[in-house]
Amino acid sequence: MLIRQAPEIRSSEITDPGLYFRRREFLRGLAAAGVTASLPAMAGLPGSASAATPALERKLDFRSPGPFATDETWTDRDDATRYNNFYELGTDKGDPKRNAHRLVTEPWKVTIDGEVAKPGTIDLEDLIRPHPLEERIYRLRCVEAWSMVIPWVGFPLGDLLKRFQPTSRAKYVAFESILDPEHLPGQRRNVLDWPYVEGLRIDEAMHELTILAVGMYGAVLPNQNGAPLRLVVPWKYGFKSIKSIVRIRLLETQPPTSWNISAPREYGFYSNVNPAVSHPRWSQKRERRIGEWRKRPTLPFNGYADRVASLYAGMDLNKSF
Ligand code: MTE
C-alpha cells in the first residue's frame, strides 16, 4: 500500500506546470501590457517579484502517483532539504541550504548536443513543457551509507533524449552542472574540478527508472536539492544524481565524472549500489535511513535489481564498480 504523507493540497494552491514553466512568456506578456507593477499578486511564479516564495510552497501539478512508488515511509521533508551534498554551495551538509540563495536559476537554459540529429540550446520551460510530470517515490542511497526515501516530481530522461534524436553513435550521455564561480562559493575552491560532471551509458539513461526531476514533495525543487533540473538514478549511489544541469551531451565514448576524476580508486563510472563491493575506506553492506537509528541492510542495486540487473549481465561488478 502506498503511504501518502504529504499534507493535503487544495487545488487553488497548485501552480499548473504549463503556467509555471511558461512563466517567462507569461511575464513578458504582462510587461508588454504594462501590468508588471502588480506582480506581487502572482504569488508563486518564480521570476516574478514574488520569487522569494520558498520553492516548497510553490506546488506543482502532476500525474500522481507515477509508476515505481514504494510503500516505505517518506523521509521527513525538512531533513531532505537541510542535509545535502552540493559542493558548489559548500562541503558541509548544512551549507547547501544556508547558501541556497546564491544559486541563480532564472533564466535557465539547457544545451543538448553531441550525437543527436537535432542539437540545441533551449529554455527550461520549453525543455519541460512537452513532458507530463509524474511523482516517483524513490530510495536514494548515498555512498556515505545514509539513505532517504523521496517523492520526486519529474519525467523520464529517455523521453527527453528521444526528442533530440540520438544518432546510432550515441553510446553514453554526459551531464554538466552550472559553472558560476561569481555566485557559487564552492566553485572558488579546488575541492572538485568544476563544473561538476556525470555520465551514464545510453541504456541506463534511456531506462524507465531514470528521471529528470523538477520537484519534490509535490513542489518545486529547492535550490539545495538541485534546482531547477536534476538527474535521479535510483539504483546508483546518490552522487550520480547530478544537480542544476545546464548541458546534456550524447557521446560515442565514456565521459569523465567528477568523483572518478577526484578519487578514481574510490568512485568508478558505474557506481551501482552494491553491498558486495566495499568502498576502499568503509563497507557498503548497511545504511542508515535518515530519521532512523537502526541500520538496515543495503540491497543490490538499491532494491531495483529486478528492473536493472540485466543491464550489467556478464560484467564483473568488482572491476566495473
Ligand atoms: N550535483 C552537483 N552539481 N554537485 C554536487 O556536489 N553532489 C552529489 C549529488 N549531485 C552533487 C551533485 C552527491 S555526493 C549526492 S549524495 C547527491 O547529489 C545528494 O542529493 P541531495 O542533497 O538532494 O540529497
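How far is an oxygen atom of the ligand from an N or O atom in the side chain of Lys 243? Let's work up to that one and a few others together.

This is a predicted model, in which local features need pLDDT of at least 70, side-chain atom pairs count only at pLDDT 80 or more, and totals for chains, interfaces and linings use all residues. Residues are numbered from 1 along each chain as its sequence is written, and side-chain values use heavy atoms, with hydrogens and water left out.

**Exercise 1. Describe the surroundings of the ligand.**

Step 1: Find the neighbours. A residue is near a molecule if one of its heavy atoms lies within 4 Å of it. The ligand is surrounded by 16 residues, and Asn 84, Tyr 87, Glu 88, Arg 230 and Lys 243 are the closest.

Step 2: Look for polar contacts (pairs of N or O atoms within 3.5 Å). The Lys 243 side chain places an N or O atom 2.7 Å from a ligand oxygen atom, which settles the opening question. Asn 84 has a polar side-chain atom 2.9 Å from an oxygen atom of the ligand. Asn 85 uses a backbone N or O atom instead, at 3.3 Å from a ligand oxygen atom.

**Exercise 2. Work out the strand order of the open sheet and name its edges.**

Step 1: Strands are DSSP runs of E with at least two residues, numbered from the N terminus, and two strands pair if DSSP finds at least two bridges between them.

Step 2: Read the order. The 5 strands run β4-β3-β12-β7-β8, with mixed pairing.

Step 3: Pick out the edges. β4 (120–123) and β8 (197–201) each have a single partner strand, so one side of each lacks a neighbour in the sheet.

Step 4: Check one pair. β3 (residues 109–114) and β4 are antiparallel, with 4 bridges; Val 110 has Ile 122 in β4 as its bridge partner.

**Exercise 3. Locate the cis peptide bonds and a positive phi.**

Step 1: Trp 194 and Pro 195 are joined by a cis peptide bond, with omega about 0°. Pro 195 sits in the loop between β7 (172–177) and β8.

Step 2: Another cis peptide bond, also with omega about 0°, links Ala 227 to Pro 228. The loop between β10 (219–220) and β11 (230–232) holds Pro 228.

Step 3: Ser 244 is not a glycine, yet its phi is positive, about 45°. Ser 244 belongs to the loop between β11 and β12 (245–251).

Conventions
Polar contact = N/O pair within 3.5 Å; in protein donor to acceptor, adjacent residues only side chain to side chain.
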